[in-house]
Amino acid sequence: MIRFGRYPDRLVEQFASDAVRAALADSGIDPELITIAVASHSSQGRVAGQRVLKELALTGIPTINVENACAGGGTALHTAWMAVAGGFHDAALVFGMEKMEKGLIVGNPGEYEAAMGKTLPAKYALRARSYMQHYGATAAQLAMVSVKNHRAGALNPMAHYQNTMTLDEVLSSRPVAEPLTLLQCCPTTDGAAAVVVVSEALARQARSRPVRIVASAVTSGAYRNAGRDGISSDDDITVRAAAKAYEMAAMKPADVHVAEVHDAFTIGEILACENLGLCPRGEGGIWAEHGNTAIGGRIPVNPSGGLLSRGHPLGASGVAQVAELTWQLQGRCGERQVQGARVALAHVVGGSTPGIGSGACAVHILTT
Amino acid sequence: MSAAPQSQKPPTPMEPRIGKWEIINGRVELSASRCLSCGETFFPSRKVCLRCRGETMEQVRLKGPARLKNFTVIHQVPAGFTKPLVAGYAEFEPGVSVFAPIDAPSTELTSGSTLLDVHIGPIRTDKNGDSLIAYKFRPFRDADRG
């Protein structure tokens, strides 16, 4: 991947091809062996994947462009995993990229809630209020997620924001949608990330020690009536993806040593940890407050700095998570290294549609 | 400070994109659909039940008072909205909630107990600065019923 940041003077084709070049070089896989590419982006125009690969003269191979909002990167990896695990291809290239517009992500005009003023921060703010009311979580517990992730991001040379911040700074930043303040919302960030997915036979040729994808699951939003079903669509989509992934890996949440989860907003990380079973229901805020999810804690979450600190170029985030977790499993993360990490979990979730909640979710489990 | 120029154009209703409403005896009623197979109710109305895929739906109407379920105050608002925007979900019957702006300061609202009424009012302006109107919530007061 490339360092995430703001690149007003660079084309997406330029910085995304840099990310692809870096991944290919790191893997040591001969580009000639790549027979399929999957590119994730949300708003980079038609055939953006092919436009990026043209920069590297990687032309002619089937290239699939994936749009799945914030879960696009994870969905692209899932697509490549199906191609390779299914035996159709031996080597696939996965990359995600986004050059973001400043400010709010514009909602889909056909959805009544967006038309009536519900923004993405408002969606998470509503989830936060409902969570706080139900479990007694505090504004400070939510804000601690941002403090923790910026502390980790300060150790990540690939992060957009590499500065720490105090609890007071997070809480006193301007309100975006109550109770979420600006520093509890992911920044507007450009970036790209890439990984190479290969068959077991080809993995022996890799230069860097490869990691294994032991589970790959994608789910879509489904109708749930929280009052009757006991769970909202927004939580259920992750619970289902996680259940599928744990089953596929024959693992349980307690087997995970490190996780990268969707923290576009602070409450998002707390809910993700609970929905993934990484901490008990209703205790996500307490876990953040007590440092259980910090590097060195019981289950380090977002050692890269997460979306809050690394930044969130929509289509790139899911791939960047997997790049980070690969480096974690390879023991290459320096000061932010999670000691003894042998099992890693990546989670992204995105989109918002009345009736089905979040549109897409991807969960991957990787091992050494 | 001079006032912003006012558009002469009458306000445009935002329906049907955001759902339909009718004003019956001076009260706003929202048009929803109920599945005849499983009984689930949806707003805006739809043709296929999201719960059971049933395709026989009957039209039903949702009217206040509805109970405030959850709300937020949005400070970074989409284009055309005035900030801060108080907005949230009101529950019209068990499991049937609608999202809309709320004409009330947040200090007057309590999730789970405040009763809300539906009225029609300006939601936002379009790119020409013209006012768009739709259903909104406001605190329900028995005295208003007359």
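Into which domains does the domain assignment divide chain B? In this predicted model, chain B consists of domain 1 (19-63) and domain 2 (64-141), the bounds being taken from an automatic or database domain assignment. Residues are numbered from 1 along each chain as its sequence is written, and chains are lettered from A and ligands numbered from 1 in the order in which they are written. Because the model is predicted, local features need pLDDT of at least 70 and side-chain atom pairs count only at pLDDT 80 or more, while totals for chains, interfaces and linings use all residues; side-chain values use heavy atoms, with hydrogens and water left out.

Chain B has zero helices and 10 strands. Here helices (H or I, at least four residues) and strands (E, at least two) are DSSP runs, numbered from the N terminus. Read along the sequence, the pattern of chain B is β-β-β-β-β-β-β-β-β-β. The C-alpha trace of this chain spans about 60 × 35 × 30 Å along its principal axes.

The centres of the two domains of chain B, taken over C-alpha atoms, are separated by 20 Å. In the contact between them, 10 residues of domain 1 of chain B meet 13 residues of domain 2 of chain B; contact means heavy atoms within 4.5 Å. Together these two domains bury about 1,100 Å², with 66% of it on carbon and sulfur atoms. Buried area is the accessible area (1.4 Å probe) that two parts lose on being put together, summed over both. One salt bridge is found across this interface, where a salt bridge is a side-chain nitrogen of Lys or Arg within 4 Å of a carboxyl oxygen of Asp or Glu. Glu93(B) forms a salt bridge with Arg34(B), and their closest N and O atoms are 3.0 Å apart.

Chain A is also divided into domains, namely domain 1 (12-101 + 191-203) and domain 2 (112-184 + 212-367). Their C-alpha centres lie 24 Å apart. To the contact, domain 1 of chain A gives 28 residues and domain 2 of chain A gives 27 residues. The area buried between them is about 2,000 Å², and carbon and sulfur atoms give 71% of this area. On the side of domain 1 of chain A, Cys70(A), Leu77(A) and Trp81(A) supply 28% of the area buried against domain 2 of chain A, more than any other three residues. Two salt bridges are found across this interface. A salt bridge also joins the side chains of Arg212(A) and Glu200(A), at 2.9 Å from N to O.

The two chains meet each other as well. In this contact, 28 residues of chain A touch 33 residues of chain B. About 2,600 Å² is buried between chain A and chain B, and carbon and sulfur atoms give 56% of that area. Within chain A, Tyr112(A), Met116(A) and Tyr223(A) lose the most area to chain B, together 30% of what that side buries. Two salt bridges are found across the interface of the chains. Asp229(A) and Arg51(B) form a salt bridge, with the closest N and O atoms 3.1 Å apart.

A search of the whole structure finds three cavities of 30 Å³ or more. On a 1 Å grid over the protein atoms alone, a cavity is a set of points where a 1.4 Å probe fits but cannot get out, and lining residues have an atom within 4 Å of a point. Grid points are joined across faces, edges and corners, and a volume is the space filled by probe spheres set on the points. The largest cavity holds about 80 Å³ of space. Its lining comprises 13 residues, and Arg127(A), Thr238(A), Gly268(A), His347(A) and Val349(A) lie nearest its centre. The elements giving two or more residues to this lining are α5 (120-135), α10 (233-249), α11 (266-275) and β9 (343-350) of chain A. With four residues, α11(A) gives the most.

Finally, some features of the backbone deserve attention. Most residues other than glycine have a negative phi, and most peptide bonds are trans. Glu178(A) and Pro179(A), however, are joined by a cis peptide bond with omega about 10°, and Pro179(A) lies in the loop between β4 (175-177) and β5 (180-181) of chain A. The peptide bond from Lys83(B) to Pro84(B) is also cis, with omega near -5°. Asn302(A), a residue other than glycine, has a positive phi near 60°.

Conventions. 1 Å grid on protein atoms, 1.4 Å probe; cavity = no way out; pocket = protein on both sides within 12 Å on 5 of 7 lines; lining within 4 Å.
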